[in-house]
Amino acid sequence: MVGLDAPDDAGVYRLSDDLAIVQTVDFFTPVVDDPYDYGRIAAANALSDIYAMGAEPRTALQLVSWPRDELGLDVLGRVIEGGSDVLDDAGCRLIGGHSIDDPEPKYGFAVTGVAHPGSIVTVGGSEEGDTLVLTKPLGTGIVSTAIKHEKASAAQAAAAVAAMVELNRAPSVAMQRVGVNAATDVTGFGLLGHLLDMTQGAELRMSDIPVLDGVRALADAGQIPGGTRRNLAAVVGNLDAAGIDETDRLILADAQTNGGLLIAVASERESELLVALSEEGVAGFPIGRVTSGTQVVVR
């Protein structure tokens with residue numbers, strides 16, 4: 001149903017009229033210092049693609065690249081403990097995996113979920129006039145870079161970790177209940193990059209876009225990931241951001257880890273979606289709308 005000809009957050013294969021499997025894989029190098037948090041973030045991030053498709057994760061295979069002589073297996077044990085705890089919270093069973101000795105640590109999962117074929121939410125179904133709703137603040141890439149450079153405060157680091165380990169299960173349940181036109185999770189390509197996967201035309205209100213506390217100051221101080229700068233360079237030809245300064249443009253392009261869901265919902269269902277999100281215990285931020293244009297316009 002969804003494969004290489006129409007890339008999305010995950011692949012979808014129909015097994016029967018009422019059952020499809022949804023599959024994804026994601027792993028990366030450490031984004032924080034604490035090994036337990038690294039494991040939690042990696043697991044939540046891998047699960048996010050399943051939730052973005054409106055599916056329920058069921059099984060996971062663990063992927064480990066580890067410098068056993070330099071970091072030791074005790075540290076790896078803490079990483080795996082963090083990942084396992086998040087999988088348990090999601091009701092996703094770890095059933096196997098593979099590990100190799102590698103000079104640079106990497107950790108993640110291949111995840112399989114299930115859904116009814118008729119309930120799959122893809123990135124490409126948005127329609128003109130849809131409201132765009134975001135479910136987490138931006139800035140985790142900038143804070144992660146500041147953590148590496150010892151420039152982030154303890155409160156900033158804690159807030160970023162809390163955002164990155166938060167499962168996108170609740171917003172997925174809410175959007176399934178209401179019925180939405182499209183969704184994706186905001187991850188490595190930043191808000192602008194993932195929005196351009198959803199639609200070529202959109203209008204965003206910068207003042208309505210949630211940002212982690214202190215991120216603008218960190219960005220002004222030069223704590224910008226290389227991926228964030230590349231993201232902005234990649235979308236500049238599709239961006240009309242007159243009056244928006246460079247810092248805010250970089251925040252819009254910031255490479256996220258397990259960012260929130262970006263949801264396109266029919267305008268007449270916007271209030272219903274916001275209520276459903278609130279009832280599931282998460283915030284929803286209307287940040288703009290889908291247009292018929294060929295650029296993302298930010299004001």
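Modeller: Helices are DSSP runs of H or I with at least four residues, strands are runs of E with at least two, and both are numbered from the N terminus. Gln156 lies in helix 4, residues 154-165. The model is predicted, so local features need pLDDT of at least 70 and side-chain atom pairs count only at pLDDT 80 or more, while totals for chains, interfaces and linings use all residues. Residues are numbered from 1 along each chain as its sequence is written, and side-chain values use heavy atoms, with hydrogens and water left out.

Biologist: What makes Gln156 count as buried or exposed?

Modeller: Buried means under 20% relative accessible area, exposed over 50%, and partly exposed in between, with a 1.4 Å probe and protein chains only. Gln156 has 18% relative accessibility and therefore counts as buried.

Biologist: Which residues does Gln156 touch, not counting those up to four places away in sequence?

Modeller: Contact means heavy atoms within 4.5 Å. By that criterion, Gln156 touches Val143, Lys151, Asp213, Gly214 and Leu218. A polar atom of the Gln156 side chain also lies 2.9 Å from the backbone nitrogen of Ser153. Gly77 is 79 residues from Gln156 in sequence, and their C-alpha atoms are 26 Å apart.

Biologist: Why are helix 8 and helix 9 called roughly perpendicular?

Modeller: Axes are lines fitted to C-alpha atoms, for helices over the stretch in contact, and angles run from 0 to 180 degrees between N-to-C directions. Under 35 degrees is roughly parallel, over 145 roughly antiparallel, 65 to 115 roughly perpendicular, and the rest oblique. Helix 8 (residues 226-235) and helix 9 (residues 246-253) pack at about 100°, with axes 8 Å apart. The two helices are therefore roughly perpendicular.

Biologist: Which residues of helix 8 and helix 9 meet?

Modeller: Thr228, Arg229, Asn231 and Leu232 of helix 8 meet Glu246, Arg249, Leu250 and Ala253 of helix 9.

Biologist: How do you know whether Asn231 is buried or exposed?

Modeller: Asn231 is in helix 8, and its relative accessibility is 9%, so Asn231 counts as buried. Its contacts beyond four places in sequence are Gly188, Phe189, Gly190, Ala253, Asp254 and Ala255. The backbone oxygen of Gly188 is 2.9 Å from a polar atom of the Asn231 side chain.

Biologist: What makes strand 1 and strand 4 the edge strands of their sheet?

Modeller: Two strands pair if DSSP finds at least two bridges between them. The open sheet has 5 strands in the order 1-2-5-3-4, with mixed pairing. Strand 1 (11-16) and strand 4 (93-101) each pair on one side only. Strand 1 is joined to strand 2 (residues 19-28) by 5 bridges, running antiparallel; among these partners, Arg14 is bridged to Ala20 in strand 2. Helix 1 (residues 35-52) packs on the sheet and touches strand 2, strand 3 (56-66) and strand 5 (106-115), its direction making about 30° with that of strand 5. Helix 2 (residues 68-90) also packs on the sheet, touching strand 3, strand 4 and strand 5, and its direction makes about 175° with that of strand 3.

Biologist: What makes both faces of strand 6 covered?

Modeller: In strand 6 (residues 131-134), Thr131 and Val133 on one side and Leu132 and Leu134 on the other are all buried. Strand 6 runs antiparallel to strand 10 (residues 261-265), joined by 4 bridges, and antiparallel to strand 11 (residues 285-290), again through 4 bridges. Thr131 has Val265 as its bridge partner in strand 10 and Arg289 in strand 11.

Definitions and conventions. A polar contact is a pair of N or O atoms within 3.5 Å; within protein, one must be able to donate a hydrogen and the other to accept it, and residues adjacent in sequence count only if both atoms are side-chain atoms.
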